[in-house]
Amino acid sequence: MARGATILHADLDAFYASVEQLLDPALRGLPVAVGGGPRGGVVLAASYEARAYGVRGGMPGWRAAALCPRLRFVRGHFTEYQRLGDAVMAVLRDVTPLVERISIDEAFLDVSGATHLFGPPPTIAASIRSRVRAEVGLPISVGAATTKHLAKIASQVAKPDGVVVVEPGTEREFLDPLPVGLVWGVGPVNEQKLAERGIRTIGDLARTPSSAVERILGHAVGARLSAMAHDEDARRVVTSRRAGSVGAQSALGRRRPDVEGVRAVLAHLADRVSRRLRAGDRAGRTVTVRVRFVGMRSVTRARTLPEPISATLTLTEVAERLVWSALADAGRDAEITLLGISVSHLTDQRVVQLELDLRPADPWRPGSVPGAARRAVDGQVDAIRTRFGTEAVGYLPAVLRGPGSVPDAFRELAEHEL
DNA sequence: TCTGGGGTCCTAGGACCC
DNA sequence: TCTGGGGTCCTAGGACCC
């Protein structure tokens with residue numbers, strides 16, 4: 001069956017760093033790191049000039065500075081990232097409504113219905129690149145292929161600032177020499193496992209029996225690889241997707257947990273999470289907390305409740321119990337470096353609201369404040385914040401911000417739609 | 001100098017039900 | 001007295017992605 005390379009993957013190059021170089025011409029051509037600094041914090045993004053020195057996102061600032069002494073650290077312009085990312089998506093939606101945005105800076109497009117208007121996929125890819133450059137001012141790479149997975153690999157190969165089209169029938173010769181790490185689901189751990197068996201390229205992988213691959217990587221990743229090899233990969237572009245969980249976490253530096261400190265941090269996290277739930281008319285049944293200890297070891301504790309919750313106070317109380325149960329298992333002297341809360345098993349809040357006050361007392365829904373009162377308080381707080389801003393009102397005085405913690409505007413960039 | 005924060009998906013074991 | 005197999009839900013941990 002004839003099928004063109006009509007799935008595109010468009011991916012902005014070093015997005016945050018490119019925006020900084022766009023906003024401040026003095027930074028162009030220089031190694032730039034967004035976030036962090038020579039004495040702490042973490043690098044959120046690195047320009048290609050910085051990457052040449054080995055600087056990467058997620059790297060501690062001091063290490064980046066050691067690798068590249070002339071590295072320019074800049075604070076992020078987070079609201080600009082949102083605005084410019086949206087502007088790029090608008091360009092893509094000019095081509096086709098079939099746009100699946102998968103993060104702030106990348107998206108899949110299905111252009112099979114757009115070729116009669118705009119020409120074949122390579123022409124569309126080139127036009128997207130030149131329009132984004134001209135109208136937004138940013139470099140973007142585009143991959144085109146018959147499937148999403150392949151289009152994404154193609155855009156990675158195209159970077160920086162390039163285009164790669166994998167014409168139908170040429171998939172094998174394109175893929176075979178590429179490193180296995182370009183495959184979705186093959187990260188550092190799996191790459192190492194494969195390398196230990198002499199498998200370094202996608203071609204090596206294709207020549208390995210699928211049963212052996214599944215033994216190494218597990219059933220799911222193995223099956224995905226085999227689907228790719230047989231061109232049975234996903235091609236459907238999904239234009240909207242609801243989140244399956246909502247969470248928030250905070251790095252704390254290093255501290256010995258005490259009741260007041262833990263409660264303050266959890267109240268802040270629960271406030272962030274529950275506010276987003278209510279804003280999306282959602283509620284969730286499963287509460288998961290994460291506690292990270294010195295040395296990066298972390299544990300989780302989860303509890304599935306009989307009914308979904310979205311009240312700030314209820315979420316705080318459940319999270320507090322879970323955290324202390326994790327801490328009890330870890331021993332009293334353990335120092336912690338991070339606390340996180342996540343709510344999953346989401347349902348539509350409207351459906352369950354009427355039931356909330358009819359149930360008998362439940363040890364996992366404790367407290368003296370009845371559900372109706374909690375909803376009323378949350379509703380008023382939400383309304384005040386809508387009118388006067390997030391800082392106008394809250395359950396607790398401003399929470400202790402660690403030196404490395406990131407601004408809320410950065411957190412919001414990564415939030416998924418509820 | 002000592003490692004962010006938002007998510008998704010998978011695996012494995014146990015409880016429980018039929 | 002001891003026994004099967006399938007399905008669902010829950011929990012904990014971990015790999016991975018941006």
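A residue is taken as near a molecule or strand if its C-beta atom, placed from the backbone, lies within 6 Å of it. Helices (H or I, at least four residues) and strands (E, at least two) are DSSP runs, numbered from the N terminus. The model is predicted: local features need pLDDT of at least 70, side-chain atom pairs count only at pLDDT 80 or more, and totals for chains, interfaces and linings use all residues. Residues are numbered from 1 along each chain as its sequence is written, and chains are lettered from A and ligands numbered from 1 in the order in which they are written.

Chain A contains 17 helices and 12 strands. Its C-alpha trace spans about 65 × 50 × 50 Å along the principal axes. Of the 418 residues in chain A, 36% are buried (20 or more other C-beta atoms within 10 Å of the residue's own, C-beta atoms being placed from the backbone).

DNA strand B has 30 residues around it. Gly58, His219, Ala220, Gly244 and Ala251 come nearest. Strand S9 (245-255) is among the elements that supply at least two residues each, as are helix H3 (61-67), helix H12 (219-229), strand S12 (336-348) and helix H17 (408-414). S9 provides the largest share, seven residues. The surface near DNA strand B holds 14 nonpolar, 14 polar and two charged residues.

DNA strand C is surrounded by 18 residues, the closest being Ser103, Gly187, Val189, Asn190 and Thr304. Helix H9 (188-195) and strand S11 (298-309) each give two or more residues to this surface. S11 gives the most, with six residues.

Key
Nonpolar A, V, L, I, M, F, W, Y, C, P; charged D, E, K, R; others polar. Buried ≥ 20, exposed ≤ 12 C-beta atoms within 10 Å, placed from the backbone.
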